[in-house]
Amino acid sequence: MAKAPIITPQAQDFPRWYQDVLAKAELADNGPARGTMVIRPYGYAIWERMVAEVDARIKATGAENAYFPLFIPESYLQREAEHVQGFSPELAVVTHGGGKELEEPLVVRPTSETVIGEFMAKWVQSHRDLPLLLNQWANVVRWELRPRLFLRTTEFLWQEGHTAHATEADAAAYARRILHDVYEDFMVSVLAIPVVVGRKTSDERFAGATNTMTCEALMADGKALQMGTSHELGQNFARAFGIAFQDESGTEQTAWTTSWGVSTRMMGGLVMAHGDDAGLRLPPNVAPIQCVVLLIRDESGAGERAALIAEALRTAGVRVRLDDRVDQSFGRRATEWELKGVPVRVEVGPRDLAEEQAVVVRRDTNTKSTVPLAGLAAAVADLLGAVQSSLLDEARARRDTATVDVSDLDGVVAAGRSGFARVPWPVVRDEGAALRAEALTVRCLQSVDGGVASDEGDDTAAYVARAY
RNA sequence: CGGGCUGUGGCGCAGUUUGGUUAGCGCGCUUGACUGGGGGUCAAGAGGUCGGAGGUUCAAAUCCUCUCAGCCCGACCA
(Lines give C-alpha, C1' and ligand atoms only; values in the text may rest on other atoms or scores of the structure.)
Protein backbone atom coordinates (compact mmCIF):
# COMPACT_ATOMS: atom_id res chain seq x y z
CA MET A 1 0.00 0.00 0.00
CA ALA A 2 1.47 3.31 -1.06
CA LYS A 3 1.63 5.64 1.87
CA ALA A 4 2.25 9.34 1.74
CA PRO A 5 5.98 9.93 1.97
CA ILE A 6 7.17 10.46 5.50
CA ILE A 7 9.50 13.21 4.48
CA THR A 8 9.54 15.50 1.47
CA PRO A 9 11.53 13.85 -1.34
CA GLN A 10 14.89 15.47 -2.01
CA ALA A 11 14.09 16.03 -5.66
CA GLN A 12 10.91 17.90 -4.78
CA ASP A 13 12.34 20.38 -2.29
CA PHE A 14 15.80 19.81 -0.85
CA PRO A 15 15.70 22.42 1.94
CA ARG A 16 12.36 21.06 3.05
CA TRP A 17 13.76 17.54 2.95
CA TYR A 18 16.60 18.71 5.20
CA GLN A 19 14.21 20.20 7.73
CA ASP A 20 12.04 17.10 7.65
CA VAL A 21 15.01 14.87 8.36
CA LEU A 22 16.12 17.00 11.30
CA ALA A 23 12.63 16.82 12.75
CA LYS A 24 11.82 13.18 12.03
CA ALA A 25 15.21 11.85 13.05
CA GLU A 26 14.92 13.96 16.20
CA LEU A 27 18.22 15.74 15.66
CA ALA A 28 17.37 19.34 16.46
CA ASP A 29 14.70 21.98 16.95
CA ASN A 30 14.75 25.72 16.57
CA GLY A 31 15.41 27.49 19.84
CA PRO A 32 13.12 30.22 21.19
CA ALA A 33 15.45 33.07 20.26
CA ARG A 34 16.00 33.55 16.56
CA GLY A 35 18.96 31.65 15.25
CA THR A 36 19.37 29.47 18.30
CA MET A 37 19.20 25.71 18.19
CA VAL A 38 18.20 22.93 20.51
CA ILE A 39 20.22 19.81 19.82
CA ARG A 40 18.12 16.81 20.79
CA PRO A 41 19.58 13.74 22.46
CA TYR A 42 19.97 11.71 19.29
CA GLY A 43 21.58 14.62 17.47
CA TYR A 44 23.82 15.33 20.40
CA ALA A 45 24.89 11.70 20.56
CA ILE A 46 26.13 12.02 16.98
CA TRP A 47 27.92 15.24 17.89
CA GLU A 48 29.53 13.49 20.86
CA ARG A 49 30.84 10.83 18.50
CA MET A 50 32.30 13.55 16.30
CA VAL A 51 33.85 15.25 19.30
CA ALA A 52 35.44 12.02 20.50
CA GLU A 53 36.99 11.29 17.11
CA VAL A 54 38.19 14.82 16.44
CA ASP A 55 39.47 15.30 19.97
CA ALA A 56 41.56 12.15 19.80
CA ARG A 57 43.13 13.28 16.54
CA ILE A 58 43.83 16.76 17.89
CA LYS A 59 45.54 15.30 20.93
CA ALA A 60 47.59 13.06 18.67
CA THR A 61 49.14 16.19 17.18
CA GLY A 62 50.26 17.24 20.64
CA ALA A 63 47.67 19.89 21.43
CA GLU A 64 46.06 20.10 24.86
CA ASN A 65 42.57 21.18 25.80
CA ALA A 66 41.93 24.29 27.84
CA TYR A 67 39.06 26.68 28.39
CA PHE A 68 38.88 30.42 27.90
CA PRO A 69 36.06 32.80 28.85
CA LEU A 70 32.85 33.38 26.94
CA PHE A 71 33.06 37.14 27.52
CA ILE A 72 35.83 39.10 25.87
CA PRO A 73 36.55 42.77 26.53
CA GLU A 74 35.53 44.68 23.42
CA SER A 75 38.90 46.37 23.25
CA TYR A 76 40.58 43.00 22.62
CA LEU A 77 38.75 42.55 19.35
CA GLN A 78 39.87 45.97 18.23
CA ARG A 79 43.54 45.23 18.54
CA GLU A 80 43.70 43.40 15.24
CA ALA A 81 42.34 45.67 12.55
CA GLU A 82 41.14 43.12 10.01
CA HIS A 83 39.82 40.84 12.71
CA VAL A 84 37.52 43.43 14.23
CA GLN A 85 36.40 44.61 10.82
CA GLY A 86 35.54 41.07 9.80
CA PHE A 87 33.62 40.21 12.91
CA SER A 88 31.96 43.41 14.07
CA PRO A 89 28.81 42.90 11.96
CA GLU A 90 28.07 39.63 13.70
CA LEU A 91 28.99 40.39 17.29
CA ALA A 92 26.69 40.08 20.27
CA VAL A 93 27.75 42.68 22.80
CA VAL A 94 26.89 42.74 26.49
CA THR A 95 26.47 46.30 27.72
CA HIS A 96 24.82 45.66 31.08
CA GLY A 97 25.63 43.40 33.99
CA GLY A 98 24.34 43.22 37.52
CA GLY A 99 21.78 45.86 36.71
CA LYS A 100 24.40 48.43 35.75
CA GLU A 101 25.87 49.60 32.52
CA LEU A 102 29.35 48.19 32.09
CA GLU A 103 32.34 50.50 31.84
CA GLU A 104 33.61 48.45 28.94
CA PRO A 105 31.21 46.35 26.87
CA LEU A 106 31.88 42.63 26.70
CA VAL A 107 31.74 40.77 23.45
CA VAL A 108 30.31 37.26 23.44
CA ARG A 109 33.13 35.37 21.75
CA PRO A 110 32.67 34.87 18.03
CA THR A 111 36.06 33.09 18.16
CA SER A 112 38.86 33.32 20.69
CA GLU A 113 42.04 34.45 18.95
CA THR A 114 42.10 37.62 21.00
CA VAL A 115 41.70 36.29 24.55
CA ILE A 116 43.92 33.37 23.85
CA GLY A 117 46.48 35.67 22.28
CA GLU A 118 46.52 37.72 25.46
CA PHE A 119 47.31 34.66 27.55
CA MET A 120 49.77 33.19 25.11
CA ALA A 121 51.68 36.44 25.50
CA LYS A 122 51.83 35.83 29.25
CA TRP A 123 52.81 32.21 28.98
CA VAL A 124 55.39 32.46 26.25
CA GLN A 125 58.77 33.89 27.28
CA SER A 126 61.33 31.56 25.80
CA HIS A 127 61.74 29.52 22.65
CA ARG A 128 61.47 26.61 25.06
CA ASP A 129 57.81 27.50 25.61
CA LEU A 130 57.13 26.89 21.93
CA PRO A 131 55.30 25.48 20.23
CA LEU A 132 52.31 26.18 22.45
CA LEU A 133 49.47 23.98 21.23
CA LEU A 134 46.02 24.69 22.66
CA ASN A 135 42.51 23.65 21.81
CA GLN A 136 39.15 24.35 23.34
CA TRP A 137 35.66 22.94 22.90
CA ALA A 138 33.21 25.75 23.31
CA ASN A 139 30.15 27.57 22.11
CA VAL A 140 30.52 30.75 20.12
CA VAL A 141 28.07 33.39 18.95
CA ARG A 142 27.91 35.06 15.57
CA TRP A 143 24.78 37.07 14.95
CA GLU A 144 23.20 35.52 11.89
CA LEU A 145 20.65 37.15 9.66
CA ARG A 146 19.65 33.94 7.95
CA PRO A 147 20.00 31.00 10.28
CA ARG A 148 19.60 27.38 9.28
CA LEU A 149 19.78 24.56 11.77
CA PHE A 150 23.35 23.25 12.11
CA LEU A 151 24.52 25.00 8.94
CA ARG A 152 24.32 28.53 10.20
CA THR A 153 23.09 29.26 13.71
CA THR A 154 23.71 32.26 15.87
CA GLU A 155 25.15 30.10 18.61
CA PHE A 156 27.04 27.00 17.67
CA LEU A 157 29.37 24.46 19.19
CA TRP A 158 32.84 23.95 17.91
CA GLN A 159 36.43 23.22 18.61
CA GLU A 160 38.94 26.01 18.15
CA GLY A 161 42.64 25.29 18.18
CA HIS A 162 45.19 28.03 18.75
CA THR A 163 48.90 27.55 18.50
CA ALA A 164 52.04 29.64 18.69
CA HIS A 165 55.30 28.70 17.00
CA ALA A 166 58.84 29.96 16.82
CA THR A 167 59.01 30.00 13.05
CA GLU A 168 56.71 30.63 10.14
CA ALA A 169 57.63 27.26 8.69
CA ASP A 170 56.69 25.46 11.88
CA ALA A 171 53.34 27.25 12.06
CA ALA A 172 52.65 26.51 8.40
CA ALA A 173 53.48 22.85 8.84
CA TYR A 174 51.26 22.54 11.88
CA ALA A 175 48.29 24.23 10.21
CA ARG A 176 48.63 21.72 7.37
CA ARG A 177 48.95 18.82 9.76
CA ILE A 178 45.66 19.79 11.37
CA LEU A 179 44.06 20.22 7.97
CA HIS A 180 45.06 16.79 6.72
CA ASP A 181 45.70 14.53 9.71
CA VAL A 182 42.83 15.78 11.82
CA TYR A 183 40.13 17.27 9.61
CA GLU A 184 40.50 15.53 6.29
CA ASP A 185 41.18 12.19 7.91
CA PHE A 186 38.21 12.55 10.23
CA MET A 187 35.84 13.59 7.48
CA VAL A 188 36.88 10.82 5.13
CA SER A 189 37.40 7.94 7.49
CA VAL A 190 34.70 8.67 10.06
CA LEU A 191 32.07 10.77 8.32
CA ALA A 192 32.66 9.02 4.99
CA ILE A 193 32.57 12.41 3.30
CA PRO A 194 35.20 13.04 0.62
CA VAL A 195 36.49 16.59 0.75
CA VAL A 196 38.26 18.94 -1.58
CA VAL A 197 41.15 20.39 0.36
CA GLY A 198 42.59 23.67 -0.74
CA ARG A 199 43.53 27.24 -0.10
CA LYS A 200 40.99 30.03 0.28
CA THR A 201 41.36 33.06 -1.94
CA SER A 202 42.19 36.32 -0.20
CA ASP A 203 38.51 37.30 -0.47
CA GLU A 204 37.41 34.28 1.51
CA ARG A 205 40.22 34.31 4.02
CA PHE A 206 39.56 34.40 7.77
CA ALA A 207 39.63 37.95 9.13
CA GLY A 208 43.15 38.45 10.39
CA ALA A 209 44.73 35.39 8.75
CA THR A 210 47.53 35.33 6.22
CA ASN A 211 46.33 32.03 4.81
CA THR A 212 43.14 30.02 5.23
CA MET A 213 42.90 26.40 4.16
CA THR A 214 39.65 24.54 3.92
CA CYS A 215 37.93 21.19 3.58
CA GLU A 216 35.02 21.54 1.17
CA ALA A 217 32.40 18.82 0.82
CA LEU A 218 29.73 18.37 -1.80
CA MET A 219 26.16 17.87 -0.64
CA ALA A 220 23.55 15.69 -2.35
CA ASP A 221 22.00 18.74 -4.01
CA GLY A 222 25.27 19.77 -5.64
CA LYS A 223 26.07 22.63 -3.28
CA ALA A 224 29.37 22.85 -1.46
CA LEU A 225 29.76 23.06 2.29
CA GLN A 226 32.82 24.35 4.10
CA MET A 227 33.37 21.68 6.72
CA GLY A 228 36.48 22.94 8.46
CA THR A 229 39.23 25.52 8.18
CA SER A 230 42.82 25.86 9.32
CA HIS A 231 44.46 29.26 9.35
CA GLU A 232 47.98 30.60 9.34
CA LEU A 233 47.76 33.87 11.22
CA GLY A 234 51.27 34.99 10.44
CA GLN A 235 52.42 37.41 13.13
CA ASN A 236 49.23 39.47 13.05
CA PHE A 237 47.86 38.38 16.40
CA ALA A 238 51.29 37.83 17.90
CA ARG A 239 52.12 41.47 17.23
CA ALA A 240 48.74 42.71 18.44
CA PHE A 241 49.00 40.80 21.71
CA GLY A 242 52.73 40.74 22.19
CA ILE A 243 53.38 37.03 21.86
CA ALA A 244 57.16 37.18 21.88
CA PHE A 245 60.05 35.01 23.01
CA GLN A 246 63.80 35.02 23.30
CA ASP A 247 65.47 32.68 20.85
CA GLU A 248 68.61 30.62 21.49
CA SER A 249 70.77 33.64 20.95
CA GLY A 250 68.82 35.77 23.39
CA THR A 251 67.23 37.89 20.70
CA GLU A 252 63.56 38.76 21.15
CA GLN A 253 61.35 37.44 18.39
CA THR A 254 57.66 37.58 17.58
CA ALA A 255 55.85 34.26 17.44
CA TRP A 256 53.80 32.85 14.57
CA THR A 257 50.30 31.63 15.33
CA THR A 258 47.62 29.42 13.82
CA SER A 259 43.98 28.72 14.50
CA TRP A 260 41.64 26.05 13.21
CA GLY A 261 38.14 24.81 13.83
CA VAL A 262 35.29 22.50 13.02
CA SER A 263 31.77 23.01 14.24
CA THR A 264 28.27 21.62 14.55
CA ARG A 265 27.95 22.61 10.91
CA MET A 266 29.42 19.17 10.21
CA MET A 267 26.14 17.76 11.48
CA GLY A 268 24.39 19.45 8.61
CA GLY A 269 27.03 18.18 6.23
CA LEU A 270 26.57 14.64 7.47
CA VAL A 271 22.84 14.83 6.89
CA MET A 272 23.11 16.36 3.43
CA ALA A 273 25.99 14.23 2.22
CA HIS A 274 24.45 10.84 2.96
CA GLY A 275 20.74 11.26 3.58
CA ASP A 276 18.16 9.86 1.19
CA ASP A 277 14.39 10.00 0.78
CA ALA A 278 13.95 7.59 3.66
CA GLY A 279 15.89 9.83 6.03
CA LEU A 280 19.32 9.87 7.55
CA ARG A 281 22.03 7.40 6.61
CA LEU A 282 24.78 7.31 9.19
CA PRO A 283 28.23 5.89 8.57
CA PRO A 284 28.81 3.29 11.30
CA ASN A 285 31.91 5.08 12.57
CA VAL A 286 29.85 8.06 13.67
CA ALA A 287 26.54 6.32 14.41
CA PRO A 288 25.61 6.37 18.10
CA ILE A 289 23.59 3.24 17.43
CA GLN A 290 25.28 1.04 14.86
CA CYS A 291 22.83 -1.81 15.01
CA VAL A 292 19.32 -2.10 16.32
CA VAL A 293 17.90 -5.47 17.26
CA LEU A 294 14.25 -5.24 16.35
CA LEU A 295 12.01 -7.71 18.15
CA ILE A 296 8.99 -8.38 15.98
CA ARG A 297 6.77 -10.22 18.37
CA ASP A 298 7.39 -11.49 21.87
CA GLU A 299 6.22 -15.10 21.68
CA SER A 300 7.89 -18.38 22.52
CA GLY A 301 10.62 -16.60 24.45
CA ALA A 302 11.56 -14.40 21.52
CA GLY A 303 12.01 -11.40 23.81
CA GLU A 304 14.66 -13.08 25.91
CA ARG A 305 16.45 -14.40 22.84
CA ALA A 306 16.48 -10.92 21.32
CA ALA A 307 17.99 -9.47 24.47
CA LEU A 308 20.67 -12.15 24.42
CA ILE A 309 21.40 -11.41 20.77
CA ALA A 310 21.77 -7.72 21.53
CA GLU A 311 24.02 -8.48 24.46
CA ALA A 312 26.20 -10.71 22.32
CA LEU A 313 26.58 -7.98 19.74
CA ARG A 314 27.47 -5.50 22.44
CA THR A 315 30.11 -7.86 23.72
CA ALA A 316 31.44 -8.09 20.20
CA GLY A 317 32.00 -4.34 20.30
CA VAL A 318 28.94 -3.13 18.40
CA ARG A 319 27.01 -0.08 19.63
CA VAL A 320 23.68 -1.86 19.77
CA ARG A 321 20.15 -0.97 20.84
CA LEU A 322 17.40 -3.46 21.59
CA ASP A 323 13.99 -2.38 20.37
CA ASP A 324 11.48 -4.64 22.08
CA ARG A 325 8.58 -2.19 22.03
CA VAL A 326 6.22 -4.81 20.67
CA ASP A 327 3.21 -2.71 21.57
CA GLN A 328 4.13 -0.55 18.60
CA SER A 329 3.80 -1.93 15.12
CA PHE A 330 6.79 -3.41 13.39
CA GLY A 331 6.46 -1.08 10.45
CA ARG A 332 6.44 2.01 12.56
CA ARG A 333 9.57 1.01 14.42
CA ALA A 334 11.40 -0.10 11.28
CA THR A 335 10.62 3.26 9.73
CA GLU A 336 11.81 5.10 12.80
CA TRP A 337 15.24 3.46 12.77
CA GLU A 338 15.45 4.04 9.07
CA LEU A 339 14.74 7.75 9.54
CA LYS A 340 17.42 7.84 12.20
CA GLY A 341 19.89 6.28 9.84
CA VAL A 342 20.94 3.31 11.96
CA PRO A 343 23.32 1.44 9.62
CA VAL A 344 22.21 -2.11 10.34
CA ARG A 345 18.98 -3.64 11.61
CA VAL A 346 18.65 -7.15 12.95
CA GLU A 347 15.03 -8.24 12.82
CA VAL A 348 14.04 -11.20 14.94
CA GLY A 349 10.72 -12.85 15.66
CA PRO A 350 9.55 -16.29 16.74
CA ARG A 351 9.75 -17.57 13.18
CA ASP A 352 13.39 -16.67 12.71
CA LEU A 353 14.36 -17.91 16.12
CA ALA A 354 12.73 -21.27 15.52
CA GLU A 355 15.08 -21.57 12.58
CA GLU A 356 18.05 -20.11 14.47
CA GLN A 357 18.38 -17.19 12.12
CA ALA A 358 17.69 -13.47 11.82
CA VAL A 359 16.90 -11.05 9.03
CA VAL A 360 19.62 -8.45 8.66
CA VAL A 361 18.99 -5.21 6.79
CA ARG A 362 21.54 -2.61 5.82
CA ARG A 363 20.28 0.96 5.78
CA ASP A 364 22.33 2.33 2.92
CA THR A 365 21.05 -0.08 0.29
CA ASN A 366 17.98 -1.38 2.13
CA THR A 367 19.02 -4.93 1.22
CA LYS A 368 17.91 -7.79 3.42
CA SER A 369 19.61 -11.08 4.09
CA THR A 370 18.99 -14.04 6.33
CA VAL A 371 21.84 -14.86 8.66
CA PRO A 372 22.28 -17.85 11.00
CA LEU A 373 22.39 -16.68 14.61
CA ALA A 374 25.67 -18.47 15.12
CA GLY A 375 27.40 -16.16 12.68
CA LEU A 376 25.48 -13.01 13.49
CA ALA A 377 28.17 -11.00 15.24
CA ALA A 378 30.61 -11.58 12.41
CA ALA A 379 27.97 -10.79 9.81
CA VAL A 380 27.02 -7.54 11.52
CA ALA A 381 30.64 -6.51 11.84
CA ASP A 382 31.14 -7.21 8.14
CA LEU A 383 28.08 -5.23 7.22
CA LEU A 384 29.13 -2.25 9.31
CA GLY A 385 32.41 -2.19 7.45
CA ALA A 386 30.61 -2.53 4.15
CA VAL A 387 28.19 0.30 4.91
CA GLN A 388 31.02 2.56 6.00
CA SER A 389 33.00 2.04 2.82
CA SER A 390 30.07 2.02 0.47
CA LEU A 391 28.76 5.34 1.80
CA LEU A 392 32.18 6.81 1.17
CA ASP A 393 32.35 5.28 -2.30
CA GLU A 394 28.93 6.60 -3.14
CA ALA A 395 29.72 10.11 -1.93
CA ARG A 396 33.05 10.05 -3.74
CA ALA A 397 31.48 8.90 -7.00
CA ARG A 398 28.89 11.66 -6.77
CA ARG A 399 31.55 14.25 -6.00
CA ASP A 400 33.76 13.06 -8.86
CA THR A 401 30.88 13.05 -11.33
CA ALA A 402 29.86 16.52 -10.23
CA THR A 403 33.38 17.90 -10.58
CA VAL A 404 33.85 19.13 -14.11
CA ASP A 405 36.98 20.59 -15.70
CA VAL A 406 36.17 23.74 -17.63
CA SER A 407 38.20 26.47 -19.22
CA ASP A 408 35.99 29.52 -19.49
CA LEU A 409 33.38 31.46 -17.56
CA ASP A 410 30.41 29.90 -19.35
CA GLY A 411 31.73 26.50 -18.46
CA VAL A 412 32.11 27.55 -14.84
CA VAL A 413 28.53 28.76 -14.67
CA ALA A 414 27.18 25.58 -16.24
CA ALA A 415 29.21 23.19 -14.09
CA GLY A 416 28.76 25.24 -10.94
CA ARG A 417 25.02 24.78 -11.03
CA SER A 418 25.28 21.14 -10.06
CA GLY A 419 28.68 20.73 -8.48
CA PHE A 420 32.28 21.84 -8.62
CA ALA A 421 33.63 23.62 -11.67
CA ARG A 422 37.40 23.14 -11.75
CA VAL A 423 38.96 25.92 -13.76
CA PRO A 424 42.35 27.62 -14.12
CA TRP A 425 42.38 30.32 -11.49
CA PRO A 426 43.17 33.21 -13.86
CA VAL A 427 39.86 32.56 -15.68
CA VAL A 428 37.79 33.55 -12.64
CA ARG A 429 40.25 35.65 -10.65
CA ASP A 430 38.63 38.94 -11.66
CA GLU A 431 35.13 37.60 -12.20
CA GLY A 432 33.85 37.89 -8.65
CA ALA A 433 30.80 39.90 -9.67
CA ALA A 434 29.90 37.57 -12.52
CA LEU A 435 30.19 34.57 -10.22
CA ARG A 436 28.17 36.20 -7.52
CA ALA A 437 25.42 36.92 -10.03
CA GLU A 438 25.16 33.16 -10.49
CA ALA A 439 25.39 32.53 -6.73
CA LEU A 440 28.81 30.98 -7.27
CA THR A 441 31.92 31.36 -5.18
CA VAL A 442 35.48 30.17 -5.43
CA ARG A 443 35.63 27.52 -2.75
CA CYS A 444 39.37 26.95 -2.83
CA LEU A 445 42.54 26.72 -4.89
CA GLN A 446 44.64 23.65 -5.53
CA SER A 447 48.09 23.31 -7.03
CA VAL A 448 48.70 21.37 -10.24
CA ASP A 449 49.35 18.16 -8.32
CA GLY A 450 45.98 18.42 -6.55
CA GLY A 451 47.51 19.57 -3.27
CA VAL A 452 46.71 22.70 -1.32
CA ALA A 453 47.85 25.68 -3.33
CA SER A 454 50.71 27.52 -1.68
CA ASP A 455 49.77 30.83 -3.27
CA GLU A 456 47.26 32.35 -5.69
CA GLY A 457 49.47 31.81 -8.70
CA ASP A 458 48.38 31.49 -12.31
CA ASP A 459 49.02 27.77 -12.35
CA THR A 460 46.53 26.98 -9.59
CA ALA A 461 43.11 25.48 -10.16
CA ALA A 462 39.99 27.05 -8.69
CA TYR A 463 37.03 25.02 -7.44
CA VAL A 464 33.87 27.02 -8.02
CA ALA A 465 30.44 26.06 -6.69
CA ARG A 466 27.28 27.24 -5.09
CA ALA A 467 27.73 26.98 -1.36
CA TYR A 468 25.86 26.90 1.91
C1' C B 1 19.10 45.92 6.07
C1' G B 2 15.96 45.92 1.05
C1' G B 3 11.83 42.74 -1.83
C1' G B 4 7.75 38.94 -1.25
C1' C B 5 4.65 36.07 2.12
C1' U B 6 2.49 33.85 6.52
C1' G B 7 0.52 33.87 11.67
C1' U B 8 -6.04 29.33 13.45
C1' G B 9 -5.06 22.60 19.12
C1' G B 10 1.81 19.53 19.30
C1' C B 11 2.68 19.61 13.52
C1' G B 12 0.52 20.65 8.61
C1' C B 13 -3.65 23.21 6.82
C1' A B 14 -9.15 24.84 5.49
C1' G B 15 -12.36 28.73 6.85
C1' U B 16 -11.24 35.37 5.83
C1' U B 17 -12.94 37.65 -0.54
C1' U B 18 -19.26 38.25 0.81
C1' G B 19 -18.92 39.33 9.39
C1' G B 20 -23.87 35.29 11.79
C1' U B 21 -25.34 30.45 16.35
C1' U B 22 -21.37 24.53 19.30
C1' A B 23 -14.29 27.17 14.51
C1' G B 24 -13.41 22.35 11.04
C1' C B 25 -9.94 18.58 8.60
C1' G B 26 -5.37 15.38 8.23
C1' C B 27 -1.32 13.68 11.15
C1' G B 28 0.14 13.18 16.08
C1' C B 29 -1.58 12.38 21.36
C1' U B 30 -4.81 9.50 25.42
C1' U B 31 -7.82 5.00 26.60
C1' G B 32 -9.63 0.22 25.12
C1' A B 33 -10.22 -3.93 21.95
C1' C B 34 -8.65 -6.65 17.92
C1' U B 35 -3.85 -7.05 15.66
C1' G B 36 1.32 -7.87 14.41
C1' G B 37 7.46 -9.85 9.14
C1' G B 38 7.44 -2.17 6.34
C1' G B 39 4.10 4.16 9.33
C1' G B 40 -2.24 -1.80 11.11
C1' U B 41 -7.98 -1.63 12.08
C1' C B 42 -12.07 -0.04 14.86
C1' A B 43 -14.24 2.64 18.82
C1' A B 44 -14.30 6.33 22.50
C1' G B 45 -11.65 10.79 24.08
C1' A B 46 -8.34 15.07 25.37
C1' G B 47 -6.59 19.40 23.30
C1' G B 48 -7.77 26.09 20.29
C1' U B 49 -7.07 33.55 24.32
C1' C B 50 -7.93 32.13 15.72
C1' G B 51 0.05 36.04 17.16
C1' G B 52 -1.01 40.66 20.36
C1' A B 53 -3.51 45.50 21.37
C1' G B 54 -7.17 48.83 20.07
C1' G B 55 -11.44 50.01 17.00
C1' U B 56 -16.19 49.39 13.87
C1' U B 57 -20.73 46.38 14.74
C1' C B 58 -26.54 43.67 17.65
C1' A B 59 -22.53 40.21 16.23
C1' A B 60 -15.36 39.71 14.32
C1' A B 61 -10.85 34.11 12.86
C1' U B 62 -13.38 37.22 9.00
C1' C B 63 -13.65 44.46 8.30
C1' C B 64 -10.18 48.89 9.96
C1' U B 65 -5.66 50.81 12.61
C1' C B 66 -1.33 49.81 15.14
C1' U B 67 2.10 46.22 16.79
C1' C B 68 4.91 41.66 17.41
C1' A B 69 6.85 37.20 15.50
C1' G B 70 8.29 33.87 11.83
C1' C B 71 9.30 32.13 6.73
C1' C B 72 11.17 32.74 1.64
C1' C B 73 14.35 35.61 -1.91
C1' G B 74 18.84 39.01 -2.07
C1' A B 75 23.82 41.37 0.32
C1' C B 76 27.51 38.92 4.92
C1' C B 77 29.28 34.26 7.44
C1' A B 78 32.20 28.04 10.65
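Colleague: How many of the ten residues of helix 8 are buried?
Modeller: This is a predicted model. Helix 8 spans residues 265-274 and is mostly covered. Buried here means under 20% relative accessible area.

Colleague: Why is strand 7 largely enclosed by the rest of the structure?
Modeller: Strand 7 covers residues 132-141. It is largely enclosed because the buried residues number eight of the ten.

Colleague: In which sense does strand 7 pair with strand 8?
Modeller: Strand 8 runs over residues 155-165. W137 has Q159 in strand 8 as its bridge partner. The two strands share ten bridges, and the sense is antiparallel.

Colleague: Which residue of strand 7 does E64 stand opposite?
Modeller: Strand 3 (residues 64-65) pairs with strand 7 in the parallel sense, over two bridges. Opposite E64 stands L134.

Colleague: What is the radius of gyration of chain A?
Modeller: Chain A has 15 helices and 23 strands. For 468 residues the globule rule gives 23 Å, and the chain's value is close to that, so chain A is as compact as a globular protein of that length. Its radius of gyration is 25 Å.

Colleague: What share of the residues of chain A count as buried?
Modeller: Chain A exposes about 20,000 Å², with 49% supplied by carbon and sulfur atoms. Of its 468 residues, the buried share is 54%.

Note on methods. Residues numbered from 1 in each chain as written. Chains lettered and ligands numbered in written order. Predicted model: local features only at pLDDT ≥ 70, side-chain atom pairs only at ≥ 80, totals over all residues. Heavy atoms only, no water. Buried < 20%, exposed > 50% of the residue type's maximum accessible area, 1.4 Å probe, protein only. Helix = DSSP H or I, 4+ residues; strand = E, 2+ residues; numbered from the N terminus. Pairing = 2+ DSSP bridges. Rg over C-alpha atoms; globule rule 2.2 N^0.38 Å. Areas by Shrake-Rupley, 256 points an atom, 1.4 Å probe, with all protein chains shown as cover.
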